[in-house]
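Me: Could you take a close look at one part of this model for me, the aromatic pairs and the strands that carry them? I would enjoy one connected answer.

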Amino acid sequence: MPGHTPLRGAGGPLGSWLLGGLWVWVLGGLCGLGAAALRAGTWGSPGTPHPCQAPQQWEGRQVLYRQSSGRNSRALLSYDGLNQRIRVLDERKALIPCKRLFEYILLYKEGVMFQIEQATKQCSKITLTDPWDPLDIPQNSTFEDQYSIGGPQEQITVQEWSDRKSARSYETWIGIYTVKDCYPVQETFTKNYSVVLSTRFFDIQPGIADPTVFIPPSTCQTAHLERMSEDCSW
């Protein structure tokens, strides 16, 4: 997903400020955080399971936990790896006073991200400085485990991968993907033995139902060049 340095690249496209709690930055960067570093190395030894190929286009939902805020953020997600673009739409699951909801459209080929406030359609246009890094399992990841989630008559088999190498005894990225179709289930980033970001994916459907979700609204023609705050302050 969007290369792995410590935090799979916490300073990457995922620049922690990006979605103010949304995984998208992770997509754009976290994924890339560890992945980039991983891709630069060599893949594991013969006999070990090989990373599956994640789907290039899908839509679903995500819950992102960020240690800095201690909160979970929910969003709808459209992922288009073929065209290197991502759309994230904040979901409101509870009434949070003074909380603004946004839509984020990340267009990596154009090197730009649009932040649109859902209520007013006010738009900010922000430059993306990090390269695209897909949401998948880097080919030189380390296989950790394979197991079933759920119980009898209701199970799904997944594999767990990490950026752990023999030179160190712990990992900074863990990715869990389904065995059958290689859909992401969870990605976790750690630093100094603590979870910094953790994202769960669910309700995934293959393909992009409406490609126009990647087209910014007309208000973005006169967009501001600064990111909007997610609270009531302007």
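Reply: Happy to start with Trp132, which is buried, with a relative accessible area of 17%. Buried here means under 20% relative accessible area, exposed means over 50%, and partly exposed lies in between, with a 1.4 Å probe and protein chains only. Please keep in mind that this is a predicted model, in which local features need pLDDT of at least 70, side-chain atom pairs count only at pLDDT 80 or more, and totals for chains, interfaces and linings use all residues. Residues are numbered from 1 along each chain as its sequence is written, and side-chain values use heavy atoms, with hydrogens and water left out.

The structure holds seven aromatic pairs. Rings of Phe, Tyr and Trp (its six-membered ring) pair if their centres lie within 6.5 Å; planes under 30 degrees apart count as stacked, over 60 as edge-to-face and the rest as tilted. Tyr79 and Trp132 make a stacked pair, with 5.7 Å centre to centre and 25° between the planes. This pair links distant parts of the chain: Tyr79 sits in strand 2 (residues 71–80), while Trp132 belongs to the loop between strand 6 (123–127) and strand 7 (142–151), 53 residues apart. Helices (H or I, at least four residues) and strands (E, at least two) are DSSP runs, numbered from the N terminus. Tyr79 is buried too, with a relative accessible area of 1%.

Phe143 and Trp161 form an edge-to-face pair, at 5.3 Å centre to centre and 70° between the planes. Here too distant parts of the chain are linked, with Phe143 in strand 7 and Trp161 in strand 8 (residues 154–162), 18 residues apart. Phe143 is partly exposed at a relative accessible area of 23%, whereas Trp161 counts as buried at 1% relative accessibility.

Tyr79 and Trp132 also belong to a cluster: ring pairs link them with Trp58, Tyr108 and Phe201. Phe201 leads us to strand 11, where this residue stands opposite Gln62. Strand 1 and strand 11 (residues 194–206) pair in the antiparallel sense over eight bridges; two strands pair if DSSP finds at least two bridges between them. Leu64 likewise stands opposite Thr199 in strand 11.

Strand 1 (residues 57–66) is mostly covered, as eight of its ten residues are buried. Strand 1 also pairs with strand 2 in the antiparallel sense, over ten bridges, and Arg66 stands opposite Arg71 in strand 2. These two strands form a hairpin with four residues between them, and Gly70 in the turn has a positive phi of about 75°.

Stepping back to the sheet, eleven strands form an open, antiparallel arrangement in the order 6-5-4-3-2-1-11-10-9-8-7. Strand 6 and strand 7 stand at the edges, each with a single partner strand, so one side of each is left without a neighbour in the sheet. Neighbouring strands of this sheet are turned by 20° against each other on average, direction ignored.

Of its 234 residues, 49% count as buried.

Note on methods: Axes fitted to C-alpha atoms, helices over the stretch in contact; angles between N-to-C directions.
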